Amino acid sequence: MKAACEKFKKIGLWKPGKVVLALGCLGLLFLTLIPLVRLTVFAAPYYDDYNFGQFARAAMIQQQSKWAAISGALDCSKTQWYAWQGTYSSIFFMTLMPAIWGEQYYFLGLLFIILLLLAGTLVFTGVILRKVLGADKWISLAVQALITTAVFMFIYSAQTGFYWYNGGIHYVGMHGFGLLFLSAAICLERAKGRISTGLLFTVSVILAMITAGSNFVTALQGLLSLLTILLVSVVMEHRRQGLWLLPSTLVYIIGFGLNVAAPGNAVRARNYVGWGYSPLESIARSFLEAAKHIPEYTGLIILAVMILLVPMIWQMLKTVTFQFRYPGVVLLWSFCMYATGYTPSLYSLGHAGLSRTLNAVKITYLLLLFLNEIYWCGWLKRKLEKGTRHEAAKRLLAADGGAVWWFYGIMGIVCLVIFSVSPNQAGHYSAYGAYYYVHTGEANNFHEQYLERVESLSGDDRDVTLTAYRYQPWFLYMGDITEDPTDERNRSLAMWYDKDNVTLVNED
């Protein structure tokens, strides 16, 4: 009887090891990605996909080469820089919309966006945890996977982030590039050896050029983050290796200047005269918008994830030697960085931003939120280590930091309860939304009607009438053309398929 009790006690107090936690969190990330990836095959191009892709498609037809799409993308970037907006690298990737090689390849662009965000988030959090904090590989991998899962699951708008190539690559995709750039910059200023320094130097310069020409949220936050890294490395920590960042910083500043000073920005601004605020008022209002959106971006489910992370973080801190000084300064810097995400939209449009813009803002917010949680836990641990006399604190420091297995089970149940009472579950939990639209058949029905449209548009008729979409799954349905053949949405579709007119008819 005593032996049985001891056995049950041992089972009840079992704590998953670092490898088990890492594999479990990676498994959770994989399960999150499966429905998101699966839904991509049902997506369809819309509006600006055709407008920008037309440049690459025309170049391929003219030069009779698939590789001519690159020259078409460069031409589009140049044209738009003069005529509409300065985001040269975003426009380059927008133009390479995979449907230019065939409608059946459109989903590859959506996969590219998902992979960019996946790589950017995993690599960036890994660099912070291992390169900067010096954390253990396996437990840091568990934390990385859980943070990345949260970023994907709670994206502000999966519709404009993952399933519309034009809007997704401009914000989510370019944010992924930005995170990879910051990761390369941090690794470069800590690199050892000529080969690693040379490779990281090359990568950082290329990614600096790409990130500087992205949307204004990513470009601005990337520049401010780069200058912070340079300041901390060279000025505060006196690392000469940080001087290797100067060329990429120069490239970034030049690229950012080209982006902001493009003649097309003035042309675009004339379409929104009277919409935005002055530069100073935009900056001031960005802090108000930042504070206003925190409850929306956090919520009970994010708080549950933060609690779930605590024992992993404490376990990770057992082997970390980083000192975690000035947590208040780090928190203030983080809030200011997050707030900059609203400034461009306030300046140009007079509001916080469109859903595709807020995707980038929320990604930044979530990453800073979780990294600040880690930083404050580290600061608390260092405070407790400095001669504490409290027995509870001593026991906390002596513990290995891991939680018993049933803690993770309880937190899993808590998350399920929060999910069950959440309104708009498909909209607030991206993986569930993707699963829902696939398994209800809505996604397939939508895609089948899209294929019927392609068949009609590929025929010989010069004037084509299309039936309105009967199925409109939120993640996939971006909108539709109109009954007016001169509407820009209609014209973009007509130009793509070389038709005189394309109109819409609504079936009653």
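A residue counts as buried under 20% relative accessible area, as exposed over 50%, and as partly exposed in between. Keep those cut-offs in mind for this tour of a predicted model.

**Stop 1: a pair within one helix**

Select Lys381 and Glu385, whose side chains meet in a salt bridge, 2.6 Å from N to O. Both belong to helix α18 (residues 355–385), and because they are four residues apart there, about one helical turn separates them. Now colour the two by accessibility. Glu385 has 39% relative accessibility, so Glu385 is partly exposed. Lys381, with a relative accessible area of 6%, is buried.

**Stop 2: a bridge between two loops**

Next, pick Asp498 and Arg462, another salt-bridged pair, at 3.8 Å from N to O. This pair links distant parts of the chain, 36 residues apart. Asp498 sits in the loop between α24 (488–496) and β2 (501–505), while Arg462 sits in the loop between α23 (442–457) and β1 (463–467). Asp498 is exposed, at a relative accessible area of 53%, and Arg462 is partly exposed, at 36%.

**Stop 3: a longer reach in sequence**

In the whole structure, a search finds twelve salt bridges. For one more of them, show Asp136 and Lys18, with their side chains meeting at 4.0 Å, N to O. Asp136 lies in the loop between α6 (106–132) and α7 (137–153) and Lys18 in helix α2, so this pair ties together parts that are 118 residues apart in sequence. Asp136 counts as partly exposed at 24% relative accessibility, and Lys18 counts as partly exposed at 29%.

**Stop 4: a nonpolar patch**

Switch to a surface view and select Trp14, Val20, Trp405, Trp406, Ile410 and Val414, which make a nonpolar surface patch of about 570 Å². Which helix gives the largest share of the nonpolar patch? Helix α20 (residues 405–420) does, with four residues. Trp14 is found in the loop between α1 (2–12) and α2 (18–39), and its relative accessibility of 43% makes it partly exposed.

**Stop 5: two packed helices**

Finish in cartoon view with helix α4 (residues 68–83) and helix α5 (residues 88–95). Their axes are 8 Å apart, and the helices pack at an angle of about 140°. Angles over 145 degrees would count as roughly antiparallel, and α4 and α5 are therefore oblique to each other. The crossing of α4 past α5 is right-handed.

Methods. Residues are numbered from 1 along each chain as its sequence is written. This is a predicted model: local features need pLDDT of at least 70, side-chain atom pairs count only at pLDDT 80 or more; totals for chains, interfaces and linings use all residues. Side-chain values use heavy atoms; hydrogens and water are left out. Patches are made of residues with over 30% relative accessible area and no salt bridge: like charges are joined within 9 Å, nonpolar side chains (Val, Leu, Ile, Met, Phe, Trp, Tyr) within 5 Å. Accessible areas come from the Shrake-Rupley method with a 1.4 Å probe; for residues, only the protein chains shown count as cover. Buried means under 20% relative accessible area, exposed over 50%, partly exposed in between (1.4 Å probe, protein chains only). Axes are lines fitted to C-alpha atoms, for helices over the stretch in contact, and angles run from 0 to 180 degrees between N-to-C directions. Angles under 35 degrees count as roughly parallel, over 145 as roughly antiparallel, 65 to 115 as roughly perpendicular and the rest as oblique. A crossing is left-handed if the near helix is turned anticlockwise from the far one by less than a right angle, and right-handed if clockwise.
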